[in-house]
Amino acid sequence: MPAPFTWTVRVYYEDTDAGGIVFYANYLKFFERARTEWLRAAGVDQQALLDREGAGFVVKSAHLDYHAPARLDDQVTLTLSVEKLGRASVEFAQKAYKGDLLLVEARVKVGCVDLAAMRPRSLPSDVADKMRAA
């Protein structure tokens, strides 16, 4: 099994709540950014995919388990691995760490859609190939 993709974010003031910890919903943003950077690293240009095929990705479901908080200025390492690559969807396992401390675990299912019709469509074969290779 390949090593998970990793990407690091810094916690900014805007990411925190009144208690000074990362607001729970902001982990969804962090995980979204990690998936975008994973696609970029795999050679998938999302704007070109939109322009060329009218296709894009939408989150179908997300399940998060919170274990520990991150705070202002913390460096958070995000990991991503593909659990299942389907015909029109991808299931990800994502985690957020501060050092060795597990902060959040997530399972996220993303679908490929025709953005004009907002209907599922098959992953373009070149995109699926790049995902498999990543």
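## Exercises on charged pairs and a buried threonine

In this predicted model, Glu91 is partly exposed, with a relative accessible area of 27%.

**Exercise 1.** Determine which residue forms a salt bridge with Glu91, and where the two partners lie in the chain.

*Solution.* The partner is Lys109, and the closest N and O atoms of the pair are 4.0 Å apart. Glu91 belongs to strand 4 (residues 89-98) and Lys109 to strand 5 (residues 101-114), so that the pair, 18 residues apart, links distant parts of the chain. Lys109, at 25% relative accessibility, also counts as partly exposed, because this class covers values between 20% and 50%.

**Exercise 2.** Identify the network that contains Glu53, and follow its salt bridges to Arg52 and Arg121.

*Solution.* Salt bridges with shared partners join Arg52, Glu53, Arg121 and Asp126 into one network. Between Arg52 and Glu53, the closest N and O atoms are 3.3 Å apart, while between Glu53 and Arg121 they are 3.1 Å apart. The latter pair links distant parts of the chain, with Glu53 in helix 2 (residues 46-53) and Arg121, 68 residues away, in the loop between strand 6 (119-120) and helix 3 (125-133).

**Exercise 3.** Decide whether Thr16 is buried or exposed, and describe its surroundings.

*Solution.* Thr16, which is found in the loop between strand 1 and helix 1, has 15% relative accessibility and therefore counts as buried, the cut-off being under 20%. Its side chain reaches the backbone oxygen of Tyr13 at 2.7 Å. Leaving aside residues up to four places away in sequence, Thr16 touches Val11, Ile21, Val22, Phe23 and Leu72.

Methods:
Residues numbered from 1 in each chain as written. Predicted model: local features only at pLDDT ≥ 70, side-chain atom pairs only at ≥ 80, totals over all residues. Heavy atoms only, no water. Helix = DSSP H or I, 4+ residues; strand = E, 2+ residues; numbered from the N terminus. Buried < 20%, exposed > 50% of the residue type's maximum accessible area, 1.4 Å probe, protein only. Polar contact = N/O pair within 3.5 Å; in protein donor to acceptor, adjacent residues only side chain to side chain. Contact = heavy atoms within 4.5 Å. Salt bridge = Lys/Arg side-chain N within 4 Å of Asp/Glu carboxyl O.
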